[in-house]
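Welcome! Below is a guided walk through a protein chain, written for someone meeting it for the first time. Take a look at the sequence and the model, then read on.

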Amino acid sequence: MGAAGVARLHGLFATYKPPGLHWKHLRDTVELQLLKGLNAGKPPAPEQRVRFLLGPVEGSEDKELTLTATSVPTLTNHPLVRGPAFTSLKIGVGHRLDAQASGVLVLGVGQGRSLLTDMYNAHLTKDYTVRGLLGKATDDFREDGRLVEKTTYDHVTREKLDRILAVIQGSHQKALVTYSNLDLQTQEAYEMAVKGLIRPMNKSPMLITGIRCLHFAPPEFLLEVQCMHETQKQLRRLVHEIGLELKTTAVCSHVRRTRDGFFTLDDALLRTQWDLHSIQDAIQVAAPRVAAELEKNLRLGLGTQQLHSPGWHGDNEGPSPALEGWAAGGAAGG
């Protein structure tokens, strides 16, 4: 495999991280499997060197010795002498998932690590499915956390939940415009906002670009959340805050990332596919799409900077889209 095998590993690919597995362990497992594959190839034939070996003269009855030119293999590069050819690989991890969460986790190998930086700078959205459970509150917003309170939830309806979700989305869309700092008086900026193409110019708090209920069967409900700059703990807290707005409590039982930028669940390699050939194929298949999407989104980011309003000075000041803010906004909006 050698250098040719390594050359096909430069790029990005997606894995599926199961719940309960730390991202560092996943990365280390992938590296181990790649090294195993790279070192499993048949070693090249050893180079031959001419040595003068002492031996008896051929056809002579006397015990006379002479030097004879002989071709012998050079063993200095043999795996049993020098060890494995590949001992480490540079593998970067994209937007991370905590140990309890599952879903799409993007990795970059070799030169692909710089593409992870490009993904970060493009401020791409990510999709999650978040499962909530009404009727109790815990200290860390997780179902298996320390129980803090139990409440009734018979009064909660799908209509009430949908109303709360609409308020959240509206508040965060306003915050997205604030952090992108576009001057919506311009036609170009207005069209970008209508098409949902605006992005924040810098790092911001979690911004939700879309949220809806996929399934409602009390005490359980399932949300689909499209967001950026989030952590999984913030998504669990979101479930908790939704419970409070519904005049009850709620905990999060599962967080699953279904899309990270231009990588979806269909692209994600399962644990049984974390081998050299599967990863090489995934990188090669994704490469044209990665190049095209990054070019498009980074160009979009430059266009957003050119359309920013005159008062922008590059700081992060502005109204916070924290959940306390949308609760107040919902009350004001009736």
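Two strands pair if DSSP finds at least two bridges between them. Helices (H or I, at least four residues) and strands (E, at least two) are DSSP runs, numbered from the N terminus. With that in hand, L133 has E220 in β10 as its bridge partner.

This is a predicted model, in which local features need pLDDT of at least 70 and side-chain atom pairs count only at pLDDT 80 or more, while totals for chains, interfaces and linings use all residues. Residues are numbered from 1 along each chain as its sequence is written, and side-chain values use heavy atoms, with hydrogens and water left out.

**The chain as a whole**

The chain contains 9 helices and 12 strands. Of its 334 residues, 40% are buried; buried means under 20% relative accessible area, exposed over 50%, and partly exposed in between (1.4 Å probe, protein chains only). A contact means heavy atoms within 4.5 Å. Taking contacts between residues at least 6 apart in sequence, 73% join residues at least 24 apart.

**Strands and their partners**

Let us return to β10 (220-228). It is joined to β6 by 8 bridges, and the two run antiparallel. β10 also pairs with β9 in the antiparallel sense, over 9 bridges, and there F216 has F221 as its bridge partner. β9 and β10 form a hairpin with 2 residues between them. P219 lies in the loop between these strands, and a cis peptide bond joins P218 and P219, with omega of about 10°.

Another strand to find is β1 (residues 11-17): because 7 of its 7 residues are buried, it is largely enclosed by the rest of the structure. G11, F13, T15 and K17 point one way from β1, while L12, A14 and Y16 point the other way. Strand β5 (residues 102-109) runs antiparallel to β1, joined by 7 bridges, and Y16 stands opposite V104 in β5.

**Nonpolar cores**

A nonpolar core is a set of buried Ala, Val, Leu, Ile, Met, Phe, Trp, Tyr and Cys residues joined through side-chain atoms within 4.5 Å. Which residues have the most contacts inside the largest nonpolar core? They are F13, V30, V225 and I242, in a core of 48 residues. Helix α2 (residues 23-39) gives the largest share of this core, 6 residues. A second, separate core has 15 residues, including L12, L116, A122 and F262. Back in the largest core, V225 is one of the residues with the most contacts; leaving out residues up to four places away in sequence, V225 touches K126, D127, Y128, V130, I208, G210, I211, L235 and L238.

**An aromatic pair and a charge**

The structure holds 1 aromatic pair. F262 and F263 form this pair, which is tilted, with 5.3 Å centre to centre and 45° between the planes. Rings of Phe, Tyr and Trp (its six-membered ring) pair if their centres lie within 6.5 Å; planes under 30 degrees apart count as stacked, over 60 as edge-to-face and the rest as tilted. F262 is buried at 9% relative accessibility, and F263 is buried with a relative accessible area of 1%.

The charged end of R289 sits over the ring of F263, 5.7 Å from its centre. For this, NZ of Lys or CZ of Arg must be within 6 Å of the ring centre and within 35 degrees of the ring normal.

**Some loop residues**

T125 has its place in the loop between α4 (112-121) and β6 (126-134), and counts as buried at 11% relative accessibility. Its side chain makes a polar contact of 2.8 Å with the side chain of R259. A polar contact is a pair of N or O atoms within 3.5 Å; within protein, one must be able to donate a hydrogen and the other to accept it, and residues adjacent in sequence count only if both atoms are side-chain atoms.

L75, in the loop between β3 (65-73) and α3 (79-82), is partly exposed, with a relative accessible area of 47%. The C-alpha atoms of L75 and P46 are separated by 6.7 Å, though these residues are 29 apart along the chain.

Finally, here are two residues other than glycine with a positive phi.
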